[in-house]
Amino acid sequence: MYVYIMGGFLGSGKTTLLMKLASMYTKRGLKTALVVNESGSVGVDGATLKAEGYDAVELPDGCICCSLSGTLQSALKNIKKDIDPDIIIIEPTGLALPHKVKDLVRVSMIDDDGTFIIGVADVQRFEDLIKKKEQFFKMQMSKADFILINKMDLAKPGQIEEVSGWLKSQYPDKPIMAISAKTDENIDKLYEMMR
């Protein structure tokens with residue numbers, strides 16, 4: 001079983017990407033379960049995913065790497081027992097640290113070899129994010145197995161290269177790729193990167 005944890009700040013396009021990945025794995029005949037952590041009390045993402053026919057577990061009103069850590073561990077054990085999926089994709093809130101979520105996954109049920117962190121950066125808001133929340137963003141991306149620059153369809157000329165250059169200067173050993181989860185640009189290359 002493989003587990004993918006998506007890390008990225010609020011509004012980076014994680015939910016759109018989650019749905020693309022779930023669809024890809026389902027089309028490949030792999031049983032896929034989704035865990036979505038909402039920061040508000042109303043879980044729009046979970047309802048949307050269930051309406052699309054996915055096995056989705058929603059953990060609302062709290063952060064799975066902090067106040068809901070026990071809830072996440074319980075949910076993962078239930079998913080393993082009830083669904084026994086080939087793939088689990090976890091979307092924490094945009095305020096979560098994905099490496100803490102990975103630690104909880106490892107403790108709950110799965111060894112480290114099958115758990116990966118996908119870092120997601122929003123090309124449109126990248127400059128503002130770095131100005132205001134650089135340290136937090138660096139913590140979110142620090143343990144990512146690879147980093148995606150999302151929303152390339154909305155990028156201004158030179159913006160992808162600028163963001164990519166900054167990321168490569170901070171994380172020279174991590175694969176970095178620009179995609180658009182909305183328009184499918186480079187999604188085929190992402191599929192090749194994933195197991």
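**View 1. Lys80, at a relative accessibility of 39%, counts as partly exposed, where buried means under 20% relative accessible area, exposed over 50% and partly exposed in between, for a 1.4 Å probe and protein chains only.** The model shown is predicted: local features need pLDDT of at least 70 and side-chain atom pairs count only at pLDDT 80 or more, whereas totals for chains, interfaces and linings use all residues. Residues are numbered from 1 along each chain as its sequence is written, and side-chain values use heavy atoms, with hydrogens and water left out. The side chain of Lys80 meets that of Asp84 in a salt bridge of 3.5 Å, N to O, the term standing for a side-chain nitrogen of Lys or Arg within 4 Å of a carboxyl oxygen of Asp or Glu. Asp84 is likewise partly exposed, with a relative accessible area of 43%.

**View 2. A salt bridge joins the side chains of Lys20 and Asp184, at 2.7 Å from N to O.** Because Lys20 belongs to helix 1 (residues 14–27) and Asp184 to the loop between strand 7 and helix 7 (187–193), the pair ties together parts that are 164 residues apart in sequence; helices (H or I, at least four residues) and strands (E, at least two) are DSSP runs, numbered from the N terminus. Both partners are partly exposed, Lys20 with a relative accessible area of 22% and Asp184 at 39%. The structure holds seven salt bridges, and Asp122, Arg125 and Lys151 are linked in a network of such pairs.

**View 3. Helix 5 (residues 126–141) bends by about 105 degrees at Lys133, the bend being the angle between axes fitted to the seven residues ending there and the seven starting there.** Although this helix has 16 residues, its end C-alpha atoms are only 13 Å apart, short of the 22 Å that a straight helix would reach at 1.5 Å a residue; the expected span is 1.5 Å times one less than the number of residues. Its buried residues are Phe126, Leu129, Ile130, Phe136, Phe137, Gln140 and Met141. Within helix 5, Glu127 and Lys131 are four residues apart, about one turn of the helix, and they form a salt bridge with their closest N and O atoms 3.5 Å apart. Glu127 is partly exposed at 48% relative accessibility, whereas Lys131 is exposed, with a relative accessible area of 62%.

**View 4. The 12 residues of helix 6 (residues 159–170) should span 16 Å at 1.5 Å a residue, which agrees with end C-alpha atoms 17 Å apart.** Buried here are Gln159, Ile160, Val163, Ser164, Trp166 and Leu167. Seen down the helix axis, these residues fall within an arc of 160 degrees, so they line one face of helix 6, the arc being that of the directions from the helix axis to the C-beta atoms. They pack against helix 5, strand 6 (146–150) and strand 7 (176–178), while the face turned away from the buried side carries the exposed residues Glu161, Glu162 and Ser169.

**View 5. Ile147, placed in strand 6, is buried, with a relative accessible area of 0%.** Leaving aside neighbours within four places in sequence, Ile147 is in contact (heavy atoms within 4.5 Å) with Gly119, Met141, Leu167, Tyr171, Lys174, Pro175, Ile176 and Met177. From Met6, Ile147 is 141 residues away in sequence, yet 9.8 Å away in space, C-alpha to C-alpha.
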